[in-house]
Amino acid sequence: MLTLRSIEKDYQTGDTKVEALRGIDLQFRACEFAAILGPSGCGKTTLLNIIGGLDQYTRGDLIVNGRSTKQFRDSDWDAYRNHSIGFVFQSYNLIPHQTVLSNVELALTLSGVSREERRRRAREALEKVGLGDQMKKKPNQLSGGQMQRVAIARALVNDPDILLADEPTGALDSETSVQVMEILKDIARDKLVIMVTHNPELADTYATRIIRLLDGKVVSDSDPCAEEETAAGDADRQKKPSMSFMTALLLSLNNLLTKKGRTLLTAFAGSIGIIGIALILSMASGANRYINRVQEDTLSSYPLEIEERSVDMTGMLSALTGVSADAQEHEDGKIYSGSRMTNLMSSMMSEVTENNLAAFKKYLDSGETGIDKLVSGIQYEYNTPLTLYRIDEKGNPVQVNPSTTLEATGMMALMQPTMTTGLSSTMMNVTNRRMNAFQPLLDNDELLKTQYDVLAGRMPQAMDEVVLIVDRHNELSDYVLYTLGIKDQGELAGQFEQLMLGVPIESEDMEFTYDELLALRFKLMINTDFYEKQGDQWMDRRSSQEYLLQKLENAMEIKVVGILRPAEGVIASSISSGVGYRNELMAYLLEKVNSSEIVQAQLANPDIDIFTGQPFGKGSEEMMNDLDQMDFSDFIDKYASAFQLTLEQRFMISMLPKEQLNSLPKEQVKSLMSTFMPGLSGMTIEENLATLGVSTIDRPASIYIYPKDFYSKEKIIDLIKAYNESVNEEDVIHYTDYVGLLMSSVTTIINAISYVLIAFVAISLVVSSIMIGIITYISVLERTKEIGILRAIGASKRDISRVFNAETLIVGFSAGVIGILVTLVLVCLVNVILKSMAGLSNIAGLPVGAAFLLVLISMALTLIAGLIPSRLAAKKDPVVALRTE
């Protein structure tokens, strides 16, 4: 069964070679009790370790069941120890953090035996040695004799062929020694038992064969075994053992639980890096959400604007700030001139460019651009004015849109004469649009819900419903109150005169209940209803209050159905204060204007001006001749009556410098004069139709594109550039990007923050990895003896690595969970501090996905950090490990 042929074992101690065994030749029977005696240092334990596969011989051969072990690999030795060998040590070598039952089960676990089977066999082995009632105890709760019997049960549970006992009674009293020897004697009836002992009396009493060693040689053998007595066993029955990961996890968990305090502190120390990373991620995530919200809110107030007639506002802003994408880099040592003033003047005096918005709208609506994923909404506005009136307490109609508030102050009379360049007129158009109290709501219900809180009522659902929007302080500006006719605009003229004289003015404070504001009603005046046919001409009757009241009586009523306020945390909203209406209202208005009698009459007679009854062009030619020849005041008097100019219009025209008018091209003068004489210039049919407010849904006057964020804005700009490259030069789109310059600054800030965060994360990861590696190595040193025990019962090097890898995973998981829990507490504190100091709500917030990811990262990092210590553990010499205390 077992044969040793010329076994030699040398140890290298420094420069000295020690010969522990010198040519051992022994054969053992399948069933006998062999005792090996000899003085200390004679090689008894070394011989036992070589037989047990814990130590390797230098020369010779160990033959097991007729098979030489010279070609054994590590896995073969592991299988040999697990299936063929059972060890009983002098110091018991039980794993202290495992129960008695678990200690005995361990060898079966390595053999791949099912849980139920190994429990049954472990109980039988313990009952066999008289410990059936001690299974749930820990080793430190047992006496020395009981622990040795547990060690015997562990050695027998896997039914090995050979039982090796190294001084099994060395730590026991005489009575207990006898009990242990009786058990071994009983085992030797059907197994090979080889015992090393210093006690010749026990050997003489219980052993069937006594072998004496001296200086590494066999000096006597009481019952030598002949070659023919060595029965060959089954050399192929051994299955290579493998510890499951769950077993490794339980071993490590039980070990960690015996040192709860240290394990908790270790996990907390490991969590510091995770806490740092989690806090950074919480702040970064919150900051990104905040930045995204700022971007979305800002871009909902300042979209990409594309006007039917526009100038390069972006170029002007670039010139003003000195920021240019084409800026040149210069060498140091000299000072160079810049062209800011030249660029600014060029931008200011640039000619008005025409945009083909009909073609561009068709491109956007084609569905091929993918722009829907990049925008919060796209808004189309038309030249058709949304004219609304409110009937005041005295029954008089008050125009509330377009706003007449600035005209009431007299400021427009001062501003209008300067509107002679394309830039100035465009800026005035933008100002007029922004100054209207009534603004279209974005066609994005989800965005509106995030931007506004409903204080009273509800969101509008029909075209005849609007909402009143107050600011964050529940205030409506006095401008809105004057515009809506709630305050008397008649006060403004006097106040403006006072300001011009340097006299301060005060605004009366007013309060309103929700119900009072929800009771507001307005009347929609179709633009073409201002005109009444008188003979062959259509006359503007808007100056007749009686006529207005008659028309307004049957006009559509617009109801205020809700009061909104910008939601908490919103930086900017699409409408900051005023009245918001649905886009369906404009679609209805377009249809009514286009189908009106006056529009149909003009379209039916395209050569005749319906306002003058004369052919187009005659009036404009005569007017231009008169402007060249007549005194300007006479020119105004002549055309004031013909064109029914109001006193205000006459005053505004009189403010125009004649010399400047005469220096401008005739087409610009025509365009300018038509500003003061809407619908009465008699120039072209197109201008008449524009005066009447004729527009088609496919041809907007303005397009406002609301990007979701700055990244989306850049993608949209790329789409516009791609469109421009695909069309003729006359169809190229010119847009205004008011927040374009802000983009580079925000990007720089975000990048800088990202770099800082990456640096923090890198430092935290390095520190955590080093610390976990050190802690794992300490654990390896503390569990050295356990490593030896596991190797003795057949655990492979990979199994040992798996045990410590499992420990690092447990520590990493604990560190990750602790880190996340501590971070959640700190996040709450951070939010409280930010709320009190900066007024920002819920800035810090750890995403759920990030929390799980950080736990996984913690486990992965500890696993990586523990790879070197676990490899060192696997490489430990089991003989040396078993001697470690």
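Which strands does helix 12 (residues 357–365) lie across, and at about what angle does it run to strand 25? The legends below answer this and describe further close-up views of a predicted model, in which local features need pLDDT of at least 70, side-chain atom pairs count only at pLDDT 80 or more, and totals for chains, interfaces and linings use all residues. Residues are numbered from 1 along each chain as its sequence is written, and side-chain values use heavy atoms, with hydrogens and water left out.

View 1. Helix 12 lies across strand 11 (304–307), strand 14 and strand 25, and runs at about 35° to strand 25; helices (H or I, at least four residues) and strands (E, at least two) are DSSP runs numbered from the N terminus, contact means heavy atoms within 4.5 Å, and axes are lines fitted to C-alpha atoms, for helices over the stretch in contact, with angles from 0 to 180 degrees between N-to-C directions. The open sheet has four strands in the order 14-25-11-26, with antiparallel pairing, where two strands pair if DSSP finds at least two bridges between them. Strand 14 (375–381) and strand 26 (736–737) are the edge strands, each pairing on one side only. Strand 14 is joined to strand 25 (residues 702–707) by six bridges, the two running antiparallel, and Ile378 stands opposite Ile705 in strand 25.

**View 2. Strand 9 between a parallel and an antiparallel partner.** Strand 9 (residues 209–214) pairs with strand 3 (residues 32–37) in the parallel sense over four bridges, and Leu37 has Arg212 of strand 9 as its bridge partner. Strand 9 is also joined to strand 10 (residues 217–221) by four bridges, in this case antiparallel, with Ser220 of strand 10 as the bridge partner of Arg212. The hairpin of strand 9 and strand 10 has two residues between the strands, and in this hairpin Asp215 takes a positive phi near 55°.

View 3. Five of the five residues of strand 7 (residues 162–166) are buried, so the strand is largely enclosed by the rest of the structure; buried means under 20% relative accessible area, exposed over 50%, and partly exposed in between, with a 1.4 Å probe and protein chains only. Ile162, Leu164 and Asp166 point one way from strand 7, whereas Leu163 and Ala165 point the other way. Strand 6 (residues 85–88) pairs with strand 7 in the parallel sense over four bridges, and Val88 has Ala165 as its bridge partner. Strand 7 pairs with strand 8 (residues 192–196), again in the parallel sense, over five bridges, and the bridge partner of Leu164 in strand 8 is Ile194. Strand 7, helix 6 (residues 174–187) and strand 8 make a right-handed β-α-β unit; a crossover is right-handed if, with the strands pointing away from the viewer, the path from the first strand over the helix to the second runs clockwise.

View 4. Helix 1 (residues 44–51) is mostly covered, with seven of its eight residues buried. The buried residues of this helix include Leu47, Leu48, Ile50 and Ile51, and also Lys44, Thr46 and Asn49. Just after helix 1, Gly53 takes a positive phi of about 80°.

View 5. Strand 4 (residues 59–64) pairs with strand 5 in the antiparallel sense over two bridges, and Val64 has Arg67 of strand 5 as its bridge partner.
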